[in-house]
Amino acid sequence: MRVLTLLATLFLSTAIAQSYLPPLDPNEDITITFYNYNLASAGLGAQGTQRLIDEFMEANPNVTVEGVGVSSDQMISRIQADVVAGRAPDVAQIVFDDLDFLANGLGITPLEELVAPEELAAHYEGFNPRGLELGRLDGSTYGLAYTFSTPVLWINEDLFRAAGLDPDAPPTTWAAVQAAAQTIQDATDAYGVYVSVFGQFDWMFQSLVLSNSGRVLSEDRSELTFDTPEAIGAVQMLRDLRDAGLKPDLGFNEALEAFLTGNLAMYVQTSAVQSYLLSASQGVFELGAAKLPAFGDKPVQPTNSGSALFILTDDPMKQRAAWELMKFATSERGYTIITTEIGYLPLRPAIVRDPAYLGDWVAANPIVEPNLAQLENLSPWVPFPGPNYKQMALLMMAAVEEAGFGDAPVADVMLDAHERASALMPR
């Protein structure tokens with residue numbers, strides 16, 4: 001009996017010690033800062049995000065959200081500088097490859113320690129399970145998946161028809177992409193294909209490697225693995241397109257301009273540009289979309305780009321306000337705004353066919369269907385570990401660009417980058 005009493009006392013003490021976020025006090029005004037990279041963009045991304053913020057504040061009149069536009073590539077350095085200066089944001093939109101650093105470098109608090117289990121469960125109901133995993137590391141949820149996209153094969157349907165190809169039967173493999181690109185270039189003055197895999201963010205490269213049965217990081221997160229035949233083979237595909245004269249040597253902005261002016265037939269890019277492409281292509285050409293192509297008969301495993309929302313403040317009332325903003329942004333209404341006005345994927349599957357939310361819009365915009373279908377095969381964007389995670393990713397992506405556009409053997413370039421990046425791994 002004494003043992004049971006002691007155990008009961010211990011359990012009660014633990015329960016009392018565990019305190020979750022208090023509810024919002026309707027009589028107390030709260031102001032929170034929200035660092036958001038869509039607010040730093042021109043056009044639809046900023047407009048849609050501001051609508052989210054405005055509707056949230058209308059529903060919560062005692063909460064003021066001060067949105068601050070910070071580009072995605074500057075977000076972590078800006079947060080670090082503002083932490084040192086004593087003006088850290090309360091909540092921030094941060095890309096998924098920063099997850100390990102946020103958890104182990106900045107030491108932010110997991111949602112499970114802030115929000116009561118029943119409240120978390122209620123909000124997670126109806127959420128795409130794969131989406132929830134994106135903000136988790138080692139069993140804890142540090143961020144709530146927010147804006148989200150997959151790589152899409154965008155198509156100029158007019159150029160397909162001009163070359164005698166059926167835009168309703170787009171290429172499903174990289175070999176078929178190469179064949180279609182050759183046919184289009186032979187029949188028109190347009191470029192065949194551009195794969196927007198270059199740059200500092202490696203999520204699309206991870207999509208290619210995973211779809212070729214490889215990985216860039218071992219499953220136990222202890223070893224970089226972009227030196228394998230599968231990873232090298234993904235880069236070799238890009239080189240083969242370039243060597244065949246089918247992939248132009250263009251930068252990011254140049255490739256986008258070529259596609260929008262009708263001078264590029266196929267453009268592999270994030271689905272997040274959907275709203276922009278639909279608007280910019282109107283009256284120029286008919287826009288089509290298809291899933292990411294496969295390497296032969298290997299299953300396609302698209303990786304997501306995008307971000308999660310993270311609570312950075314230690315103030316309980318501001319944490320509560322930030323959590324309420326996160327809940328609204330990832331609610332049925334929130335994802336309706338995000339999908340229709342920005343172009344990201346909804347991570348609540350039930351709203352896709354519901355006329356109260358996205359049903360009518362999806363019916364009127366069937367171009368979104370390939371992107372929705374890819375959610376079934378989604379693989380998370382894997383963050384590199386340790387404080388040097390950005391340098392490792394930059395070394396890898398610089399090698400991908402050098403190998404894809406250059407003349408040195410692909411394997412030599414990738415193996416050299418792997419050796420240098422591996423020296424930066426945590427020991």
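**From one serine to the salt bridges**

Author: Ser207 counts as buried because its relative accessibility is 0% (buried is under 20% relative accessible area, exposed over 50% and partly exposed in between, with a 1.4 Å probe and protein chains only). This is a predicted model, in which local features need pLDDT of at least 70 and side-chain atom pairs pLDDT 80 or more, while totals for chains, interfaces and linings use all residues. Residues are numbered from 1 along each chain as its sequence is written, and side-chain values use heavy atoms, without hydrogens and water.

Ser207 sits in helix H10, residues 203-211 (a helix is a DSSP run of H or I, at least four residues, numbered from the N terminus). Setting aside neighbours within four places in sequence, Ser207 is in contact with Pro151, Leu292, Gln301, Pro302 and Thr303 (contact means heavy atoms within 4.5 Å).

Now to a pair of helices. The axes of H6 (residues 117-124) and H14 (residues 316-329) come within 11 Å and cross at roughly 20° (axes are fitted to C-alpha atoms over the stretch in contact, with angles from 0 to 180 degrees between N-to-C directions). H6 brings Glu119, Leu120 and His123 to this contact, and H14 brings Arg320, Trp323, Glu324, Met326 and Lys327. Within that set, Glu119, Arg320, Glu324 and Lys327 are joined in a network of salt bridges (a Lys or Arg side-chain nitrogen within 4 Å of an Asp or Glu carboxyl oxygen).

By this rule the count comes to 19 salt bridges; here are some others. In helix H8 (residues 157-162), Arg161 and Asp158 lie three residues apart, about one turn of the helix, and their side chains meet in a salt bridge at 3.4 Å, N to O. Arg161 is partly exposed, because its relative accessibility is 41%, and Asp158, at 33%, is partly exposed too.

Helix H19 (residues 410-422) holds Asp416 and Arg420, which are separated by about one helical turn because they are four residues apart. Their closest N and O atoms are 3.1 Å apart in a salt bridge. Asp416 has 38% relative accessibility and so counts as partly exposed; Arg420, at 42%, is also partly exposed.

The pair Asp249 and Arg242 forms a salt bridge at 3.8 Å, N to O. Here Asp249 is partly exposed at 48%, whereas Arg242 is buried, with a relative accessible area of 13%.

Technical notes:
Helix = DSSP H or I, 4+ residues; strand = E, 2+ residues; numbered from the N terminus.
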